[in-house]
Amino acid sequence: MTPTRNPPVSVAIVGAGPAGLFAAQALLAQSPMPVTVDVMDRLPSPYGLVRYGVAPDHPTIKSVVSTLHEILLTPGARFVGGVDLDRTVTRGDLRASYNAVVYATGAPADRKLGIPGEELPGSISATALVSWYNGHPDAVGIELAAESVAVIGAGNVALDIGRILTRPYAQLAATDIPTSVLSHFAAAPVREVHLIARRGPEHAKFSTKELRELGSIDGTSAHVDPRDFATVPGTADDRRVRANLAVFRDWSERPACSSERRVRFHFYEKPVAVLGDGRVEEIQLERTIVDASGRVTGSGRYRTVPVQLVVRAVGYRGMPVADLPFDSTAGVVPNIAGRVIGPEGVPLPGEYVAGWLKRGPTGVIGTNKVDARETVASLLDDWADGQLCASAGRPRLEELLRRRGIPVTGLDGWLAIDAAELRMGAAEGRARSKIADWKSLNELAGAVPRC
Ligand code: NAP
């Protein structure tokens, strides 16, 4: 008798960013469970926040793309672009077509400040600004005509923005920022960036490497008010905090200089209103008091700073995905070690989460590797226990998409976009020039509706 071979377990991963791709890597690297992995994205390009979130002047961080690309080349893996969960396919479609689904759609929304004037023209989210200079096809154009900018928040996104706004144009022009966006930076007169942190230097979430980098930009100087050090502890247990304090102390001891551009850190201040007649003209700040547990309260002492652009970089926010359970307070899908937990408090068979949708918007790219391994370990245990979904396998979804006329794209499509961006970059004397419009991306990727 010929032995019967079980078909491979089919897994759909929704979201081709680092969380989704590291989950694919962990699935393809294990041996007990034969597997095929479809990594889907609504865009014709993979890599998610590595392509659209990592700052364009950080090519070293972006170089993780070569690892992510290798994952897509692994036998058993497939990239499927143009799959928009809830618009072109439903959660039910995925559950019926695959033995397991891993949702890794990140935390795409921004958090709000909840203060008057926040909606004035000239008050924008970091998500909007970052998407725009990174060439996301959904990004809306931004008016950069500001001499003075307030960036709210003391995290790495605020640092990225402070750095991009104060880098000399020649340095930005060497990055992959889309040509259409670069012209705005060429004309941008940004002279001063105020980085507003509601707590002290010891509470800032900055990575020290990125912090130091801000102080080493040609023509830009970093400043800290020495009075903000009055209550700062001399040292700290945490190595990163200790190193950050040393950087801030150094900057606070430097004499004021007349550099071309300045980044000023303002600690113990929170925004209470954005003011202006029809568009941003000032930001009103309140001095804060931080108690021993790190809790912030207002002191009742206010001042205003003239600014023409306010960027809130106060963290990302997860969004509900299809009709999956969602914890709107934490902005995550309720899960235990990556298993999606249903309303009855028990895991939903065959459904998993990874990345920011699982743990919230924290950590660096590498954090997703460990996170994905945990999710995949849960999936493998469930497979061993016979807990995955029965499914008709890959062909069912393909047939469904074909019948709906959904123009999905593959790895070849992405490679065509990639090659076009490299060609455009070479013509402009830089490594890459990003293509930022849906029409060009879809045409290059061959996203033609099928009948
Ligand atoms: P984040 O690290 O959570 O920082 C958010 C900042 O906003 C905090 O300083 C927070 O202050 C402040 N904030 C929150 N609500 C506020 C309010 N209402 N008013 C004033 N300030 C407020 O978020 P992020 O900067 O968006 O970064 C997200 C993740 O991506 C992080 O893990 C980050 O390290 C990572 N990332 C890494 C890099 C890199 O490695 N190069 C680059 C970019 C992003 P409190 O502390 O007082 O809450």
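L165 belongs to helix α7 (helices, H or I, of at least four residues, and strands, E, of at least two, are DSSP runs numbered from the N terminus). The structure is a predicted model, in which local features need pLDDT of at least 70 and side-chain atom pairs count only at pLDDT 80 or more, while totals for chains, interfaces and linings use all residues. Residues are numbered from 1 along each chain as its sequence is written, and side-chain values use heavy atoms, with hydrogens and water left out.

### Exercise 1

Classify L165 as buried or exposed, and identify the residues that it touches.

Solution. Step 1: the relative accessibility of L165 is 6%, so L165 counts as buried (buried means under 20% relative accessible area, exposed over 50%, and partly exposed in between, with a 1.4 Å probe and protein chains only). Step 2: with residues up to four places away in sequence not counted, L165 touches L144, V149, F185, V190 and V193 (contact means heavy atoms within 4.5 Å). Step 3: the C-alpha atoms of L165 and P189 are separated by 9.5 Å, and these two residues stand 24 residues apart along the chain.

### Exercise 2

Determine how many residues of α7 are buried, and do likewise for α6.

Solution. Step 1: in α7, nine of the eleven residues are buried, so this helix is largely enclosed by the rest of the structure. Step 2: the buried residues of α7 are A158, L159, D160, I161, G162, R163, I164, L165 and T166. Step 3: α6 is mostly covered, with seven of its eight residues buried; these are A126, T127, L129, V130, S131, W132 and Y133. Step 4: just after α6, G135 takes a positive phi of about 75 degrees.

### Exercise 3

Describe the packing of α6 against α7 by angle, axis distance, handedness and contact residues.

Solution. Step 1: two packed helices are described by the angle between their axes and the distance between the axes. Step 2: helix α6 (residues 126-133) packs on helix α7 (residues 156-166) at an angle of about 50 degrees, and their axes are 11 Å apart (axes are lines fitted to C-alpha atoms, for helices over the stretch in contact, and angles run from 0 to 180 degrees between N-to-C directions). Step 3: α6 is therefore oblique to α7 (angles under 35 degrees count as roughly parallel, over 145 as roughly antiparallel, 65 to 115 as roughly perpendicular and the rest as oblique). Step 4: the crossing of α6 past α7 is left-handed (the near helix is turned anticlockwise from the far one by less than a right angle; clockwise gives right-handed). Step 5: A126, L129, V130 and Y133 of α6 make the contact with V157, D160, I161 and I164 of α7. Step 6: by class, the residues of this contact are seven nonpolar, no polar and one charged (Ala, Val, Leu, Ile, Met, Phe, Trp, Tyr, Cys and Pro count as nonpolar, Asp, Glu, Lys and Arg as charged, and the others, Gly among them, as polar).

### Exercise 4

Solution. Step 3: α1 and α4 cross in a left-handed manner. Step 4: from α1, P18, L21, F22, A24, Q25 and L28 meet T67, L68, I71 and L72 of α4. Step 5: the contact of α1 with α4 has eight nonpolar, two polar and no charged residues.

### Exercise 5

Identify the side chain with which that of T220 makes a polar contact, and likewise for R430.

Solution. Step 1: T220 is placed in strand β9 (residues 220-224) and is buried at a relative accessible area of 7%. Step 2: the side chain of T220 makes a polar contact with the side chain of R261 (3.2 Å) (a pair of N or O atoms within 3.5 Å; within protein, one must be able to donate a hydrogen and the other to accept it, and residues adjacent in sequence count only if both atoms are side-chain atoms). Step 3: R430 is placed in the loop between α15 (411-427) and α16 (438-445), and R430 is buried, with a relative accessible area of 7%. Step 4: the side chain of R430 makes a polar contact with that of T179 (3.5 Å).
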